[in-house]
Amino acid sequence: MGKTHSGNTRAAKEMAGLAFALFFLVACSNAEILNKIGVNYGRLGSNLPSPYESIEHLKSMKAGRVKIYDANPEILKLLSGTNIYVAITVPNSQIISIASNQSVANSWVRDNIIPYYPETMIRFLLVGNEVFSHSSDQDKQIWQNLVPAMRKLKSSLASHDIRNIKIGTPLAMDVLRTSHPPSSGTFRSDIAAVMVPLLKFLNSTNSYFCLDVYPYFAWSASPNNISLDFALFTSNRTYTDPSSQLKYANVLDMMLDSVIFAMTNLGYPNIKLLISETGWPNAGDVDQHGANIYNAATYNRNLVKRLTSRQPVGTPARRGAEIPTFLFALFDENQKPGAGTERHWGLLRPSGQPVYEIDLTGNRSLADYPPLPAARNNRPFRGKLWCVVVKGANLTRLRAALDFACNHGNGTCDALTPGNECYDPVSLTAHADYAFSSYYAKFRSQGATCYFNGLAELTTKNPSRPTCQFPSATV
């Protein structure tokens, strides 16, 4: 009996050990999947590689996930069999129609998911993009239809017995009314009627609150109050939340926890976070301090190292929590409108060359990277700026841009009328130089940028002529 008992005990131990080993392997595998870094693949560029080349870049970079801003058939086919998890997006313009009719939702799923799934590992269906960041009457209709659209898409997926695609919606930090200190996190009152149903949906479906979170913007808006090191994960100081007593060592954790507290305040303390966009610009306009390769590499390398840790770090409010993350972005995109930084978030140049070296697996030691170019614009710019035509600008498009600037009134182009001081020389480029500078000087405080669909750029060199003084923006 003793021998038999001993054999049974040994067998039981062996079985228990095997079960533990299998559990450990599965746990490690899941951790590796969750900890893999994703990348946003935007395509607003006139000089970007083909989708095939772009997917090859993602594979060579060992990206664990990719997020696209639509459901492009060519890209979804190319991702088949790659083992890269995929997030696809329903454009904002389609939300109302999907919400209004289950058959429209069914058609969307049938056309954009079923032909590719499961060979293409679609794991996230994102409904809209930063829908609460826009507040026109039409935008507010989208607000009201957001959760109904998500519900109908969920029903469509269920009808195909698809259970492993999470449905969410990426939101910007502007959904918060208060965010500092993190424990005071509160959602805006104008979206409260929509936010509660959204949180209820995410909670009931065990999905993610998807957040576009950029410490760069928080720091650059207040560089005298937030240290750059604190934004780049390199600070040796901490901030203690006076209410929660939680200690923070970086800006990102504070931003994430402010959303966690906001959700908790509405009765949903356990909804998981997903970072749908984060990153740091590698370049920008003259007046966009801190946008440089050194800071971009430092932020993204430290972020990757943090998020790929085998033991998840989480945040002070959620120690050890997994936070799936997508870096923004794969390429610099030269057709993105707005300030200069909008076109310079890429990990890669359009040529496919890295802007700086980065190991998305997190295995490379930070000390093993080569030196970075020195950061020369970390302090806010102080001086005068003019907005002028870029060299080689298309003259047909330039005429339309000139009309756009002059049609804003407020005396923008008065000096260009016949007989006035800036009429001569009578040249489209000369007139556009003046009009762009005048427009930028008059409307910069209202959010105007020096872009004009890629036809203009900022300069610190005064383009005025003896007979024509150009208006400038003083920063």
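**A sheet, a helix and some rings**

Let me begin with an open sheet of three strands, ordered β17-β16-β18, whose pairing is antiparallel. Strands here are DSSP runs of E with at least two residues, helices are runs of H or I with at least four, and both are numbered from the N terminus; two strands pair if DSSP finds at least two bridges between them. In general, strands of a sheet pair through backbone hydrogen bonds, either parallel or antiparallel.

Since β17 (456–459) and β18 (473–474) stand at the edges with a single partner strand each, one side of each is left without a neighbour in the sheet. Strand β16, residues 384–389, pairs with β18 in the antiparallel sense over two bridges, and the bridge partner of Lys384 in β18 is Thr474.

Before I go on, a word on the source: this is a predicted model, in which local features need pLDDT of at least 70 and side-chain atom pairs count only at pLDDT 80 or more, while totals for chains, interfaces and linings use all residues. Residues are numbered from 1 along each chain as its sequence is written, and side-chain values use heavy atoms, with hydrogens and water left out.

Now to the aromatic rings, where Phe, Tyr and Trp (its six-membered ring) pair if their centres lie within 6.5 Å, and planes under 30 degrees apart count as stacked, over 60 as edge-to-face and the rest as tilted. How many aromatic pairs does this rule give? The count comes to 23. In one of them, the ring centres of Phe328 and Trp345 are 6.1 Å apart with the planes at 65 degrees, so the pair is edge-to-face. Both Phe328 and Trp345 are buried, where buried means under 20% relative accessible area, exposed over 50% and partly exposed in between, with a 1.4 Å probe and protein chains only.

Tyr439 and Phe452 also form an edge-to-face pair, at 5.2 Å centre to centre and 65 degrees between the planes. Because Tyr439 lies in helix α13 and Phe452 in the loop between α13 and β17, this pair ties together parts that are 13 residues apart in sequence. Tyr439 and Phe452 are both buried.

Finally, confidence: pLDDT is the predictor's confidence in each residue, from 0 to 100. The protein has a mean pLDDT of 93, and 93% of its residues reach 70 or more.
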